[in-house]
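Hi,

Here is the structure I promised to pass on. My notes follow below it, so please read them with the model open.

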Amino acid sequence: MRCSPDSGENLAKAEERVREAAGRGAQIVCLPELFRSQYFCREEDARQFDLAEPIPGPSTERLACVARRENVVILASLFERRAAGVYHNTAAIIGTGGEILGLYRKMHIPDDPLYFEKFYFTPGDLGFRSFDTPFGRISTLVCWDQWYPEAARIAALGGAQILFYPTAIGWHPAEKEQHGAAQHDAWKTIQRGHAIANGIYVAAVNRVGFEGPPDRGLEFWGGSFVADPFGQVIAEASHDQEETLVVECDPARSEDVRRNWPFLRDRRIDAYSPIVNRLLD
């Protein structure tokens, strides 16, 4: 998606795109991170907290109607107002009956130039969860979580067949020429690695477009993709166009890959306790 400054316009576009995907056979539809607005974390501005909403709330109610009508599961990434002063970057999983199957609150919160998320978001407290849907068991993490293999592993251990990453990631204009290709390649590579290491499908769903002033804005790089359990990219969007990818994910593919590369079988869980330390001094 390309997100505009008008939150109502963005929600209407999201509904339209969900209907489009459903019309093309989609059963589970994932929207980009914080799709209701432009990416407000480019600056620290307390007025942006007005964008937050409760869950259940206006967005989930509107999307619930679409989910019921189209018989799809929707993953909606929202700015959750949990209480005064407590806000989360939250993915709501909306079932085919319009019910909320569960929430995931973003666990890893970045604080980088133009990604000042620690100012806005309380770290998640629900853990890494998987959810049963009529179309399979799924898990969702959010954007910065993409870089952490521990989170993807726990999703797989929870039985997820598909791992979704609603995302808002882009280039700093001053860095794109020198580092842009390498940054995008690293982002894509690590998520393909999660697919391989866990024998599951991985779907990364990004936004497109330039947001903010020319010297302090972000060019979101799009490039949404789905990798299969062998890490092969089976669908990929462009860097600059809005697109809807509809991809068939076959559970038998995971079964076949895991039989031949049984990483979960061979894990030495008796030897991994050091991983709960920040560092080994």
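C143 is buried, as its relative accessible area is 7% (buried means under 20% relative accessible area, exposed over 50% and partly exposed in between, with a 1.4 Å probe and protein chains only). This residue sits in the loop between β8 (136–140) and α3 (149–157); helices (H or I, at least four residues) and strands (E, at least two) are DSSP runs, numbered from the N terminus.

Before I go on, a word on the source. This is a predicted model, in which local features need pLDDT of at least 70 and side-chain atom pairs count only at pLDDT 80 or more, while totals for chains, interfaces and linings use all residues. Residues are numbered from 1 along each chain as its sequence is written, and side-chain values use heavy atoms, with hydrogens and water left out.

C143 also turns up among the partners of T167. Leaving aside neighbours within four places in sequence, T167 is in contact with P32, E33, C143, Q146, W187, V205, N206 and R207, where contact means heavy atoms within 4.5 Å. T167 belongs to the loop between β9 (162–166) and β10 (170–171), and it counts as buried because its relative accessibility is 0%. From T167 to L141 there are 26 residues in sequence and 9.2 Å in space, C-alpha to C-alpha.

Is T96 buried or exposed? It counts as buried, at 19% relative accessibility. Not counting residues up to four places away in sequence, T96 touches A67, R68, N71, V72, V73, P134 and F135.

Two other backbone details are worth a look:
- L114 has a positive phi, near 70 degrees, and is a residue other than glycine. It lies in the loop between β5 (111–112) and β6 (115–116) and is buried, with a relative accessible area of 12%.
- The peptide bond from I55 to P56 is cis, with omega near 0 degrees. P56 has its place in the loop between β1 and α2.

Now to helix α1. It covers residues 7–23, 17 residues in total, and spans 24 Å from its first C-alpha to its last, close to the 24 Å expected at 1.5 Å a residue (the expected span is 1.5 Å times one less than the number of residues). Its buried residues are N10, L11, K13, A14, E15, R17, V18, A21 and A22. What do they pack against? Their partners are β1 (28–30), α2 (58–70) and β2 (73–83).

Finally, the chain as a whole. The protein chain has 5 helices and 15 strands. Its radius of gyration is 18 Å, close to the 19 Å that the globule rule gives for 281 residues, so the chain is as compact as a globular protein of that length; the radius is taken over C-alpha atoms, and the rule is 2.2 Å times the number of residues to the power 0.38. Along the principal axes, the C-alpha atoms fill a box of roughly 50 × 50 × 40 Å. Of the 281 residues, 50% count as buried. Among contacts with a separation of 6 or more, 66% come from residues 24 or more positions apart.

Best wishes
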